[in-house]
Amino acid sequence: MQIRYKIALQFTLIVLAILLVFSGIVYLRAETQRRTSFYDRLSRRAKTTARLLVDVKEFNTTLLKLIDKNSSSRLPEEEIFIYDYRNLLLYSNVEKIAPYVTQELINEIRLNREIKLHYEDRAVIGMVFEGRYDRFVIIASGIDKNGAIQQKKLSITLLFAFLGGVLTTVVMALFFAHQSLRPITTINREIGEITAKNLRKRIHQGNGKDEIAQLAINFNLMLERLELAFQQQRQFVSHASHELRTPLSALKTEIQIGLTTVNSSEEQLLILQNLLNDTNRLIDLSNGLLQLARINETAEDLPFDKVRMEEVLLNAQREVTASHPDYQIQFDFDKIPEEDYLTLVMGNEALLKNVFVNLLENACKYSSAHQGTLRLGFDKKYCIVRVIDRGIGISSTDLPNIFQPFYRAKNALDYNGFGIGLSVVKRIIELHEGIITVTSRPHLGTEFVVKLRHMKEEVK
Ligand code: ADP
């Protein structure tokens with residue numbers, strides 16, 4: 001469950017509990033008050049009746065009944081019974097003796113002086129009334145119809161208030177949880193955008209005061225340390241490969257001199273030739289490492305310009321065939337561009353040439369005929385270059401990994417190489433916000449497709 005929902009749920013549960021307790025207290029308080037006030041009224045009615053009967057000599061029971069019936073303070077379903085000291089019924093305002101009026105009840109009232117009880121939905125009060133010559137027992141009862149209606153209305157009001165309160169709380173809780181977690185969502189999104197390749201990015205530090213801001217500040221500090229570590233590591237590789245170049249070149253020259261010396265034996269010549277091959281490999285490796293380190297180091301500061309793809313491809317083709325005279329590269333167009341801008345991209349010419357030199361060298365290197373095809377095309381959005389060969393191909397298990405630094409497929413191990421070229425290619429294409437894809441079938445050949453966004457309008 002997401003934290004925002006957890007917070008909202010907990011908040012709702014707390015408010016729900018408070019509302020329940022509050023409604024319960026209000027309801028119970030109203031109920032006791034209703035009962036007390038009804039018993040008060042009952043008691044007053046009983047005492048008035050008794051006083052009229054006992055104290056005023058002129059009143060007889062018939063007259064009292066008549067007054068009772070017409071009294072405005074008469075309670076609903078009111079019943080009054082008055083007993084003398086011998087427990088004989090002296091007065092009753094109803095015809096029948098109620099079932100709750102028993103000898104035991106009368107005795108108990110005499111004993112306790114006052115008793116309150118409930119009989120079905122009727123409130124009953126019994127009390128002792130002291131006359132001048134006698135001690136009477138009065139039992140009065142009635143049904144608090146009005147009070148019950150009021151109580152029902154109160155419970156409906158409380159129920160609606162409770163439901164309304166819960167609903168409002170749920171909405172408010174969701175809103176406030178969303179509001180208070182918004183900075184975290186923002187930080188999360190910003191962190192998601194930070195990769196090893198754009199460690200320079202920093203996340204927003206909000207107001208710089210609260211806990212979330214503190215988190216962002218600490219995270220930025222950590223990024224700074226990471227960036228420094230990455231930078232140092234890149235610089236190390238860059239420096240190391242740079243430093244290796246000078247002794248390697250010297251070594252190569254010395255070996256070449258050794259090879260041209262006339263009095264060397266055949267064995268010595270073989271050893272020197274092997275040494276030369278190994279030195280060349282070491283030079284290639286240090287060049288590759290230098291390329292890899294530099295592309296990451298200087299990536300963000302590279303100058304971009306309008307680049308014509310035909311020129312880049314021709315230069316790459318020329319460079320490859322110059323260094324490998326046995327390589328053959330065919331260059332053709334998918335379709336002839338009618339508009340100039342279709343093959344014009346924003347980019348760094350040297351790096352883009354590097355991409356196609358790498359891809360073309362691979363195409364020729366990994367095919368027995370040392371042949372590759374370069375095809376230029378375009379669509380509405382992209383300028384599209386395909387590098388195709390009919391070489392050894394790449395198996396489906398190797399295909400997802402070939403852009404990883406130093407990864408080499410099993411079938412490529414007999415060929416010279418270090419597995420650096422394609423990772424440099426990928427990085428350069430990423431810098432140009434382009435797309436590179438590859439399809440390949442073992443023993444049949446490979447096709448690399450590079451898509452770079454072309455310019456939108458005709459360039460004058
Ligand atoms: P290298 O060619 O020096 O090994 P790359 O980074 O250029 O390094 O290529 C990585 C791996 O991808 C290669 O070792 C090879 O297995 C595979 N590969 C790349 N291009 C081709 C190709 N045109 N045909 C077959 N395999 C290829």
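**Note on the nonpolar cores and surface patch**

1. In this predicted model, the largest nonpolar core comprises 41 residues. Those with the most contacts inside this core are Met-309, Phe-356, Leu-359, Val-387, Ile-402, Ile-436 and Phe-448.

2. H8 provides the largest share, nine residues.

3. Another core, of 19 residues, lies apart from the one above. Its members include Ala-46, Ile-80, Ile-125 and Met-127.

4. Which residues does Phe-448 touch, leaving aside those up to four places away in sequence? The list is Leu-359, Val-385, Arg-386, Val-387, Ile-402, Phe-403, Leu-422, Ile-436, Thr-437 and Val-438. Among them, Leu-359, Val-387, Ile-402 and Ile-436 are also named with Phe-448 as having the most contacts inside the largest core.

5. On the surface there is a nonpolar patch made of Met-1, Tyr-5, Leu-9, Leu-13, Val-170 and Leu-174. Together these residues have about 580 Å² of accessible area. Helices H1 (3-55) and H4 (145-192) each contribute at least two residues to the patch, and H1 gives the most, with three.

6. Leu-174, one of the patch residues, sits in helix H4. Leu-174 counts as partly exposed because its relative accessibility is 36%, between the limits of 20% for buried and 50% for exposed.

Note on methods
Residues numbered from 1 in each chain as written. Predicted model: local features only at pLDDT ≥ 70, side-chain atom pairs only at ≥ 80, totals over all residues. Heavy atoms only, no water. Patch = residues over 30% accessible without salt bridge, like charges linked within 9 Å, V, L, I, M, F, W, Y side chains within 5 Å. Areas by Shrake-Rupley, 256 points an atom, 1.4 Å probe, with all protein chains shown as cover. Salt bridge = Lys/Arg side-chain N within 4 Å of Asp/Glu carboxyl O. Helix = DSSP H or I, 4+ residues; strand = E, 2+ residues; numbered from the N terminus. Buried < 20%, exposed > 50% of the residue type's maximum accessible area, 1.4 Å probe, protein only. Core = buried A, V, L, I, M, F, W, Y, C linked by side-chain atoms within 4.5 Å. Contact = heavy atoms within 4.5 Å.
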